[in-house]
Amino acid sequence: MNIYKNIVILTGAGISAESGLATFRSSNGLWNNHKVEDVATVEGFAKNPAYVHDFYNELKLELAKAKPNNAHLAITKLQKEYPANISVVTQNVDTLHEKAKNKNIFHIHGQINQAVCLNCGHILETFDDVGIFTTCNKCNTQGMMKPNIVFFGENLLYMDKVEKLLTTCDLFLSIGTSGIVFPAASFVQTAKYYGAKTYEFNLETTSNNCYFDEHIKGPAGTTLPAFVDNMIKSLSKN
Ligand code: BV8
């Protein structure tokens, strides 16, 4: 196995599945009980902000209890024992990468424990409920807080940084994402275009499969630790 210098790890809801969190598009998925347009679009929030706040306040309770699994911990081990720049670009709004003590984490679709003030842009970090009566603790405006979640139709966060990471990485690992939501679904294409080796870790092959050099099938809680151990072992062989 090669030695890599710049590694990007893209994660989706599948990496949190073994922590007991529902993914988006599986049968008991998050969206199945709610319409995407009602809880994850700009229009939905404008139409009924209280409903959207309730959805994320409920999700917050569940995500706060979740514990990282062996896939998250494997990333911590890699970042500790493998001498490379290793970034985690996550579509997940849970904080399991933080709980596992991963470093260099970029939440491109936002974070459940944050709300943003639409008046002054201040980010409120809280696992408490946020609603239409919440006051911004910076500008004191009431009723202008929005979950700091990137809705469909909104630009992603950290995209400048992510672009740089994708065009300079030599290894791109995609863990537990269906490759349906853009632009995150196109990251593998960019990485591959700029010469990265690309691996997909999933229970199934996804719509993006032509851009992956290798598919590692199975639950990430098993496949990723094994892959990380091999990467670390390969250091002594070179
Ligand atoms: C934007 C917030 C510019 C809510 C989310 C190009 C083509 C087509 C459409 C578009 C395009 N460009 C833009 C769009 C529109 C849209 C889009 O992509 N639509 C899709 C549905 C076609 N994109 C956007 O609007 C994005 N913004 O492009 O801005 C712009 C600006 C103005 C106008 C237009 C464009 C914003 C996208 C962000 C939306 N917000 N989340 C929340 O998180 O609560 S997206 C949501 O989907 C989550 O973030 C989630 O992470 C993400 C992706 O889903 P996955 O993580 O992949 O989860 P999923 O359930 O799908 O899959 C899980 C996978 O894990 C499965 O494959 C499963 O097999 C696997 N798995 C399960 N268990 C395991 C496992 N794998 C391994 N181990 C296991 N144990």
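Mentor: On a 1 Å grid over the protein atoms alone, a pocket is an open set of points where a 1.4 Å probe fits, with protein on both sides within 12 Å along at least five of seven lines; its lining residues have an atom within 4 Å of a point. A molecule sits in a pocket if more than half of its atoms lie within 2 Å of the pocket's grid points. By that rule, the ligand sits in the largest pocket. This is a predicted model, where local features need pLDDT of at least 70 and side-chain atom pairs pLDDT 80 or more, while totals for chains, interfaces and linings use all residues. Residues are numbered from 1 along each chain as its sequence is written, and side-chain values use heavy atoms, without hydrogens and water.

The lining of the largest pocket comprises 47 residues, with Gly 12, Ala 13, Thr 23, Phe 24 and Arg 25 nearest the centre. Helix H3 (49-65) gives five residues, the largest share; helices here are DSSP runs of at least four residues, numbered from the N terminus.

Around the ligand itself there are 35 residues, and Arg 25, Thr 177, Ser 178, Phe 182 and Asn 202 come nearest; a residue counts as near if one of its heavy atoms lies within 4 Å. Polar contacts are pairs of N or O atoms within 3.5 Å. An oxygen atom of the ligand lies 2.6 Å from a side-chain N or O atom of Thr 177, and for Ser 178 the distance from a ligand oxygen to such a side-chain atom is 2.6 Å.

How values were computed
A polar contact is a pair of N or O atoms within 3.5 Å; within protein, one must be able to donate a hydrogen and the other to accept it, and residues adjacent in sequence count only if both atoms are side-chain atoms. Helices (H or I, at least four residues) and strands (E, at least two) are DSSP runs, numbered from the N terminus.
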